[in-house]
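Please keep the viewer open as you read.

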Amino acid sequence: MNSNLKYLFNKLVKVKRLNFKVNHPNPSLNMQLNCNLKVTRPDDSSIITEELGDWINNEGQKVVSKNIYKWSVQNNSILKLEHLRFGEKKPIFLVNFYNKKNYLWKSLKPHICEQDIYNAEIDISPTNIKLIWNINTPKHTYTIVSKYYS
């Protein structure tokens, strides 16, 4: 794998904590979660991150969040992201990331879910990896930011 992908991959292997924040125009949908992560490495070219946590939204409602993602190296220069909502045998493809420059990765194509369009980017800093989703729906535009810390 190329050096920029190797750098990102090696940082992902070490993540232990997550800060997840939704910035939505509807205040009742704005949420923030801090949780620990379980990270496994099933083989040399993939990582699985499991996020599990409870949070209270701005209206006091408890929300349970569980996400399992698989990050896989493709063609030595692409990072593939899949959601394992239905298990490892039925992954949901989300996006392929390419290295735009240095520590910035962008999705090759957006993920489309019905009428919603999800563009993603990864920004790597010395202290965290930031996964940013910019979501455009027929009614709203909003962001979800996941910060992964080691």
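Which pattern does the chain follow when read along the sequence?

1. Reading along the sequence gives α-β-β-β-β-β-β-β-β-β-β-β. In this predicted model, the chain therefore has one helix and eleven strands.

2. Now for the overall form. A compact globule of 150 residues would have a radius of gyration near 15 Å, and the chain agrees with that, because its own value is 15 Å. Along the principal axes, the C-alpha atoms fill a box of roughly 45 × 35 × 30 Å.

3. Among contacts in the chain with a separation of 6 or more, 36% are between residues 24 or more positions apart.

4. The inside deserves a look. In soluble globular proteins, nonpolar side chains tend to be buried together. Here the largest nonpolar core has 34 residues. Those with the most contacts inside this core are Trp 71, Leu 81, Phe 97, Ile 122, Leu 131, Trp 133 and Tyr 148.

5. Leaving aside residues up to four places away in sequence, Trp 71 touches Leu 81, Ile 122, Leu 131 and Tyr 148, among others. Its partners also include Phe 9, Leu 12, Ile 47 and Leu 79, as well as Ser 45, Ser 46, Thr 49 and Lys 80.

How values were computed. Residues numbered from 1 in each chain as written. Predicted model: local features only at pLDDT ≥ 70, side-chain atom pairs only at ≥ 80, totals over all residues. Heavy atoms only, no water. Helix = DSSP H or I, 4+ residues; strand = E, 2+ residues; numbered from the N terminus. Rg over C-alpha atoms; globule rule 2.2 N^0.38 Å. Contact = heavy atoms within 4.5 Å. Core = buried A, V, L, I, M, F, W, Y, C linked by side-chain atoms within 4.5 Å. Buried < 20%, exposed > 50% of the residue type's maximum accessible area, 1.4 Å probe, protein only.
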